[in-house]
Each structure stands twice: as structure tokens, then as C-alpha cells.
Amino acid sequence: MGGFSLNLTFQPKRLSFWESLNAWIFVAPWILGFILFTGGPILASLVISFTEWDIVNPPVWAGLGNYELMLRDPLFFQSLKVTTLYALVAVPLQIVVGLFIAILLNTKIRLIGLYRTLFYLPAVLPIVSVAVMWRWILSRDWGLINWFLSLFGVYGPGWLSEPEWALPALILMSLWGVGSGMLIYLAGLQGIPTDLYEAAKVDGAGAWASFVYVTLPMISPVILFQLVVGLIAAFQVFAQPFIMTQGGPQNATLFYLLHLFRNAFEFFRMGYASALSWVLFIYIAVLTVLIFRFSAAWVFYEGEIKNE
Amino acid sequence: MTPISAQSSNKLRRTDRRPIDWAKVLAHIILIAGSIMFLMPFVYVVSTSLKTAGDVYTFPPEFVPEPVAWENYPDALTAMPFDRFFLNTILLALGRIIGLTLSCSLAGFAFAKLRWKGRNTLFFIVLLTLMIPTEVTLIPRYILFSKLGWVGSFAPLLVPGFFAENAFFVFLFRQFFMTMGQDLIDAARIDGCSFVGVFWRIIAPNAKPVFAVVAIYIIQNNWNSFLLPMIYLTDRAKYTLALGLRLFNEQYYSQTHLLMAASVFVVVPIVILFFFMQRYFIQGVVFTGSKG
């Protein structure tokens, strides 16, 4: 998508001392911030993960104790399961729904601005408000969703009170926020040159064929990007379960970050929570690498020549 | 970044006189149905927020409140110091706007327009930090701030802003400044303008859109932010709207009409901002997506 060469190859011939000095001063806040708030903390959290520490008393070296504890912590596995399941279902659903709306909006349709506003608006709302609102919308006896289902004669479940429905309810709710993804796909779709579609038409391609052979390949880098972003976002889900279900019922919505938060800020087990954060870090990194690995098979980059 | 709003409105103007395009009719039908589904939660919540306590629990729900209980809003908003929460949220947003736009734009300027050794290496680190999940720094930062005695104050939320904590904004500024011509900068330098002067007189005035996008981003993030304020703002007098609403949700759990009024109140400023600044919201999102 247009015009973002990173241009890291620049090699100056002669550097002015004054210019360099200025540059270092301008970048100094970021360097300090990186050391104090990012780089330093990352190393610190690795060290802390080998200790037992409640902040008040001095830390005690625990070696790999926290990591062994994790293997015996059923809630760790539960939170990993819940979050992974959510990512596996919600992220692809968000992509499909977002792309679907974007494709409808990309048909040179009237009122595109109005539709775009309507579909995007929920995505800008503060998550705490959305959680409070949806707790009511998902209410078993008085909620909007179950009223809608009742129109079709379906007696809706207690979405947030029954263990098998709580996670699906949060996934459903997440679809209300597909607007930002939709905007990104829409921009991507508008960047596809029209002559590609004309060429496809000349070759006798119908709407479906031109979607499969033109739209999807051209939009695939954006889908890949949204997949990775969505995955990372799934592992940051916190406010929704914290406010709507407190991780329940029966830990059915115990998201990873909620489990980490409880260990750190309710039980003050900073060592164990740091170990949890490192395992999460590595888990996300591995998943991201795997997605990129397998993306070569389905992501198409413009200018790329395939060796058949 | 293609401003999609401009593009699409151009497309709209071109009205073509062809027979009815059934594909478009179908698209409209689906879009209208979808819009209704996206709007219904708002309608339901707003209508609940305007019902009397006794009218809330009806099935099937009645979407038009009768009578309209306007008093829910003053009742809900005076039950807790929401004015204080609102002020705190605004103050935090302003502080973060000042800190982040200053530090991130200066860094972006150095990365885009100045020639110095180490530039590429450092910028590569900026890009790397984009991929680090916040959880990893959560605990050490908390320990740092608690040892400094800052827990309970705004400082842990404000101070990192002055140190360009948001790598994405550095990237955003740098990318925008890259598109600006070098000639003007060189000319100003020859005329004896300092680098700060170049930034202040040439770069910044010509980069207002990117400053607007970043400021909007910060306001929205700040309105949304929940986990970090909850950890650091232990004193109720310092609560943000998000924290206040969460407390309200706990204490007025069963008074749905008041709860919905409070959550509508928290949402409204962002909705208003959205309608006036939609262009910048959209540009920000589209820019995020085009990183890939």
C-alpha cells in the first residue's frame, strides 16, 4: 500500500558535528524513555521472573520456581486456552465481517460516508462503557440479543452466566468493533487498480472469480497485517471480562491478562506474574513467526514474481 | 496514506445513468440491515437510560420510553463526582498530548530530516519496540513508580509521555516529515536558521494534519485507557471517567437505568469529537493499517 519506503539505506558523505549534536538532543527523550520505560523494564521483568517478590519485602531468588509453578497452575492453562480460543474464533470472524462490509462499501455506492460512519462509530467508544452497556444488552431476561432471538422463537441463553455461552458472548460483542478493520480494508480495496478488474472481465471472470483472483490476492497483505494485530490485541483483552464476568462463570472467560493482573495486583506475586508475562511474550512471538512463515503461501505482494 | 474520504466523495459525484444495478440494490439492503444491527445497541441503551426504574424490566422491550425520565442523568451524574472524573480525564489527555506530541515529533524530525551517525540503528529499535506487548513492561514499571512514591498520582501516566513512550507516534511523525522537501530546510539553514527554528517555523506548521491525527489518537486512547489508570490512580479524587464508570457499575449494579445514563455520559464526548473530527480518526486508522 502506497508510498511507505522505510529508506534506511541513506549514507551521508560528511556529517556536521552541529547537526549530529542537535539530532542527539532531539532523540534524547526517546532514548531515555526507551532505557527507563521499555528496555530496562523488559530486562528487569526477566530477572524478577526468577524471584519471589511482593514489593514490600526484599525479593527472594526462586530460580525456575515460577516457571515450574506455572506447569502446575490449572488457571494458567485455562487462561491460555480461553485466550487462544478467543483469538482463533474472534480474529478470523472480525476479518471476514470487516472485509465483507468494506467490499459492499467499495461498490461506488451512494451514502458511503454515512454507512462508513455508522459502522465505524462503535469502534471508537471507550471499552469500559461498551462493557457496561453490553452486560445489559446480553442480559438473559431483558437483553436486546435475547429479544432479537425471541423474534425467531429462540429462547436465548444466559449469555454471561452460563459457562458455555460467556466466551461466545464476548466474541459476538467484539464484532461490534470491526469498524476500524473495515476502514483499513476499504482503503486497501480503493488502492486496487481498476484495470485489474477490467482485465479480469475481459478474460471472462464473473464477480466471484474477480473476487478470488483479483481482490483477495491484492488485499492479502492487509489481511496478514490485521491477523497479526488482531492476535496481539486478543492477548490484551482485559476490561471486558474484568467488568462483565470477572473471568467467570467457572473461569470460562479467564483471559490471560486477567490472570496475570490478579497475580500481580491482587496477590502481589510479582515474580510469578513476570514469569507469566515472559511466557506470553514468547508465545506471541512464536505465533507471529508461524503466521509469517505460512503467509508466504497465501500473501501476495505487488511486484513479486512467482517461480512456477 | 490516501485520504479515502476525498476519494470516495469524488466517486459519489459521478452519477451514472444506467438501468437499475441489482447488485447495488442488494448491497444497500445488506448495508441497511447491517446499519440497523450496529445501531440497535445504542438505541436500546439510550432508551433504557431514559426509563423510570419500574419501566426498565419489560419483555419484549419498549424502545420509546414513556414517560421520559430525563432525571436519570442528573441522578446518575450526581451520585458520584463525575464532573471531577471528567476533569481528570481531560487533564490527563492534555498532559499526554503536550508530552507525546513534543517528544515524538522532535524524535521523528531527527529521524527524518537530520543527518547523523546511529540514526538507522536507533530507528530500527523504534520499529522493534512497536512489537512489544504492554504486559511485559507492566510489572517493572509499576515497581519503579511505586519505589519512586508516584503510585496514587498522575505522574506514572504523564511522565512517560514526555519521553516519547509511543513508538508508533515517532514512526508516524517520521513518515510524514520524510515527505517534506529538503530544499526549504537547506535554504533556511543557509539563512542562519537553527535546527529548532527549522522544526518550529517550517516543519511543524506544515505538518498540522499529522499533529491532529496524533492528538485525536491520544484523546481516544486516554478515554479508553483502563488497566493502567486502575493500577496507578488509587485515590477516588483522581479517578478518570473509565474508572468512575467501573466503580458506578459495581455500586449501582442493579439500577440499570442509572447505569446506562452514566455510560451514555462517558460515551458522548467521544461521539461528539468523532463527528467533528472524523477525518482525522479515519486517517489515523488507515495509517495504522498501511504499516504492513
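Let's say two residues are in contact when their C-beta atoms, placed from the backbone, lie within 7 Å. What you're looking at is a predicted model, where local features need pLDDT of at least 70, side-chain atom pairs count only at pLDDT 80 or more, and totals for chains, interfaces and linings use all residues. Residues are numbered from 1 along each chain as its sequence is written, while chains are lettered from A in the order in which they are written.

Start where the chains meet. The contact takes 85 residues from chain A and 86 residues from chain B. On the chain B side, helix 2 (residues 22–49) gives the largest share, 15 residues; helices here are DSSP runs of H or I with at least four residues, strands are E runs with at least two, and both are numbered from the N terminus.

Now for the inside. A nonpolar core is a set of buried Ala, Val, Leu, Ile, Met, Phe, Trp, Tyr and Cys residues joined through C-beta atoms within 7 Å, and buried means 20 or more other C-beta atoms within 10 Å of the residue's own. The largest such core has 160 residues, and those touching the most other members include Met182(A) and Ala107(B). Helix 3 of chain A (residues 74–105) supplies the largest share of this core, 12 residues. Leaving out residues up to four places away in sequence, Met182(A) touches Gly98(A), Ile101(A), Ala102(A), Phe119(A) and Tyr120(A).

Finally, chain A splits into domain 1 (17–66) and domain 2 (67–295), with bounds from an automatic or database domain assignment. Their centres, taken over C-alpha atoms, are 31 Å apart. The contact between them takes 13 residues from domain 1 and 12 residues from domain 2.

Notes
A residue is buried if 20 or more other C-beta atoms lie within 10 Å of its own, exposed if 12 or fewer, and partly exposed in between; C-beta atoms are placed from the backbone.
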